[in-house]
Amino acid sequence: MPDTPHAPAPDEVALLRARIAELEEVNARLRQAARDRDELAAAQLAALAAQVEELRRRLDKDSSTSSKPPSSDSPYEKKPRDRSLRGRSGRKPGRQPGAGSSTLRQSPDPGATVLCGPAACGCCGHDLAGEPVLGTPQKRQVFEASPPPPPAVTEYQVAAKCCPDCGEVSVGLAPAGVTGRAQYGPLVHAKAALAVCANYLPVARAARLVAALTGVKVSAGFVAGVRGKAAARLGPFMDRARELLPSAPVLYADETPARAAGKLRYVHVACTEFLTAMHTGDRTSEAIDSGGILPGYTGTIVRDGYKGYEHLTSALHAWCGAHGLRDLAGLHRFDPDGQLWARSMADLLTEANAAAAAARAGGRASLDEAQLARIRSWYRGAVAKGLADNAGKTTQIALDGARLARRFRDHEDMILRFATDLAVGFTSNQAERDIRPVKVQQRSSGGTWRTLQGLADFAVVQSYLSTSAKWGIDALDALTRLFTGDPWLPPAAAPP
């Protein structure tokens, strides 16, 4: 008879059930841990992918999609064909029809004439040396540089004379400015300043160039001190600039970093198309005010989005359209499908700028109400789409897109100032052009100024040279007048 199965005791059943429950609980914890690990790994991968995407977007930025200067663009990377959202102008490259020319033309009074006659007959070979000249069907001129002459040396002999009546001996006086036993004259100073100030050459190379072109051997130390000498003479010019600029209806302002004495400083500029004034400082509102031009100004300031200008509440503000276009381009090129609003906004700014330029050229004081209504409707529609398309998204491009859309929403009047007031320019390019020599000089001088005073002197002299160039004054003429004691000063009225 087979054995019957042994029935477990009640205690054993309870132990088995407890063990099963314990194992199921452990299994559940392990499954949950696996799910948490997978979710964490997925989140980390997503974060890394987003970080890689953001880093790639930063690397892809250049001067056309950010505020980076063109000099920072890599020369080894092929530039995208469409570097601007503004579209093509339709003009051919090169000089445009009607533009001024600098073609070398023949002189009516040449210094020397060389007759190039035929030595023999081209038919029979007869000698033509003594035959008369029938005419000169061709005249060709060669303009050649003259070798530098020896310097003109003027000796001032301070004479002593004895009075025949009282016997007192009197000594004469040398002309003003003639203080040394041997010194350079105003024109040498002007040409040295032309090389080192107007053409941004390092002092050693500037000294060699002045010696080669003038025949006067100046030292690098002399050239290094020329800028300071020029700046010391420009007090009347800077006073005149600070007097005239606040009366301009529109000013263009900008700032750029510059290294001096091992620290980061800033050069600030306030300018118009006829006047330039630069000064140095940090990036605070107090440094902006220290130029003596913007505090209390009641016109319109065209600038970038830097918050340091917000304390100037007596003035109207206009944001540079070029900065806006670059920010929009940076969004659209990286995510063209998700940031369609950026392309729409860029198209609007470009079209509105063209309409404002056409109205200005036609002598109109403003755009008509229908044009302004269309511009504002398009503008607000693009902003609304930008906010809607980026709402609820957490990627960096979406966050940047939402932030830029909010900026356009909150500062509509400033961004569209160029359309509502035709006296206001679309960009602050005037200020950027005026302040660009800071970067040129810094790069040619090893990346830094040795002293803060040297940077301050550069700002003063560059203000003078930039303003005189805007009025058509040659740099050498302006510097010569400066060192002869008669600095050029801008007139109160703009040229017609």
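**Asp 434.** I started with the side chain of Asp 434, which makes a polar contact with the side chain of Lys 470 at 2.6 Å (N or O atoms within 3.5 Å; within protein, one must be able to donate a hydrogen and the other to accept it, and residues adjacent in sequence count only if both atoms are side-chain atoms). This is a predicted model, so local features need pLDDT of at least 70 and side-chain atom pairs 80 or more, while totals for chains, interfaces and linings use all residues. I number residues from 1 along each chain as its sequence is written, and side-chain values use heavy atoms, leaving out hydrogens and water.

Asp 434 sits in helix H13 (helices are DSSP runs of H or I, at least four residues, and strands are runs of E, at least two, numbered from the N terminus). With a relative accessible area of 6%, Asp 434 is buried (under 20%, with a 1.4 Å probe and protein chains only). I also found Asp 434 in contact with residues including Val 269 and Cys 271 (heavy atoms within 4.5 Å).

**Thr 427.** I then looked up Thr 427, in the loop between helices H12 (417–420) and H13 (429–435). Its relative accessibility is 18%, so Thr 427 counts as buried. The side chain of Thr 427 reaches the backbone nitrogen of Asn 429 at 3.2 Å. Among the residues Thr 427 touches are Tyr 252 and Val 302.

**Strand S3.** My last stop was S3 (residues 250–260), largely enclosed because 9 of its 11 residues are buried. S3 pairs in the parallel sense with S6 (residues 300–303) over 3 bridges (pairing takes at least two DSSP bridges). S3 runs antiparallel to S4 (residues 263–271), joined by 9 bridges.

Key: Buried means under 20% relative accessible area, exposed over 50%, partly exposed in between (1.4 Å probe, protein chains only). Lists of a residue's contacts leave out its neighbours within four places in sequence.
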